[in-house]
Amino acid sequence: MFNKVVIAGVGLIGGSLGLAMIRRNLAREVVGVDPAAENLALAERLGAVHRAGVLAEVLPGAELFILAAPIGVTLGVLEMAIPYLTSGTIVTDVGSVKGRLLERARKMVPEGVYLVGGHPMAGLEVAGVAGAREDLFEGASYVLTPDPHTHPLVLDKLKKLIQGIGANPVEMAAGDHDRAVAAISHLPHLLAATLVNTVTAEPNPDRLLKLAGGGFRDTTRIAASNASMWRDILLTNRDRVLEALRQFRGQLEEMEQAIENFDSQQLVYGLERARNVRAALPENRTYLKKR
């Protein structure tokens, strides 16, 4: 158990972390910091934090400092926090891009403060603490990106916290993480948004959208996510996202060629291969089963 945890950015992820830690007795005190006063007040009412405060007042003596602000402002929040961090404090984040962010963050944190990158592979298309849920991380992978200098006891403490909120800790190098999420998270968001934009570019798109069934809705669900947040994610992981796009373009061209050539064998092969892989994906997310 942590004595005091400070969460900077009490939105969907930060709020869900707070809820899980409080309701599962993983922290004696969870303090929220957020520039949006209404969101912070709601976090208190929902029980996502015990109390609210400002960095200068609440950070001294904190055992764990979680950077849960949007990725575009994470380093700015860390910079503001630096003067108030206590030796021995563990600093972690929840951002979906690790390489560039951690490289700069490591140069900022003072000696005696432990920095470990983190990324819970969980989320919803809603934003803000109003959508927070205690079970958001149940069954999810939670990536940690330690470096050779990470203290084993610090890593062990974070792993126990992750297990306590119901997630599965996974250690990865920062570069491997960024390459992986480009393919399984960032690329799908781009594809969902592009599919919606493709339909809306058609003549009489309203009529088409009225005909859209579950397949279209399921495929494009994540396109409803916050555009500014995703702009920052995609540009921060720019190189890896571009690699993933090139890979996708190659796969799409193969399918296009099969259709153009009336090559039913190649077309079936591509569809079957995808069907088999998709069918084998485990559904281990508790909150999804409850939806």
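Which residues line the largest cavity? The points below begin with the model itself and then return to this.

1. This is a predicted model, in which local features need pLDDT of at least 70 and side-chain atom pairs count only at pLDDT 80 or more, while totals for chains, interfaces and linings use all residues. Residues are numbered from 1 along each chain as its sequence is written, and side-chain values use heavy atoms, with hydrogens and water left out.

2. The chain averages a pLDDT (the predictor's confidence in each residue, from 0 to 100) of 93, and 97% of the residues score at least 70. Over residues 287–291, however, pLDDT stays under 50, and the model has 14 contacts (heavy atoms within 4.5 Å) beyond four places in sequence for this stretch. Where pLDDT is low, the predicted coordinates should not be read in detail.

3. β7 and β8 run parallel and are joined by four bridges, with V143 opposite V170 in β8.

4. The structure holds one cavity of 30 Å³ or more, with a volume of about 70 Å³ for the largest cavity. On a 1 Å grid over the protein atoms alone, a cavity is a set of points where a 1.4 Å probe fits but cannot get out, whereas a pocket is an open set with protein on both sides within 12 Å along at least five of seven lines, and lining residues have an atom within 4 Å of a point. Grid points are joined across faces, edges and corners, and a volume is the space filled by probe spheres set on the points.

5. The largest cavity is lined by L17, L64, I66, T92, Y142, L144, L158, L161, I162 and I165. Two or more lining residues come from each of β4 (64–67), β7 (141–145) and α6 (152–164), and α6 gives the most, with three.

Conventions
Two strands pair if DSSP finds at least two bridges between them.
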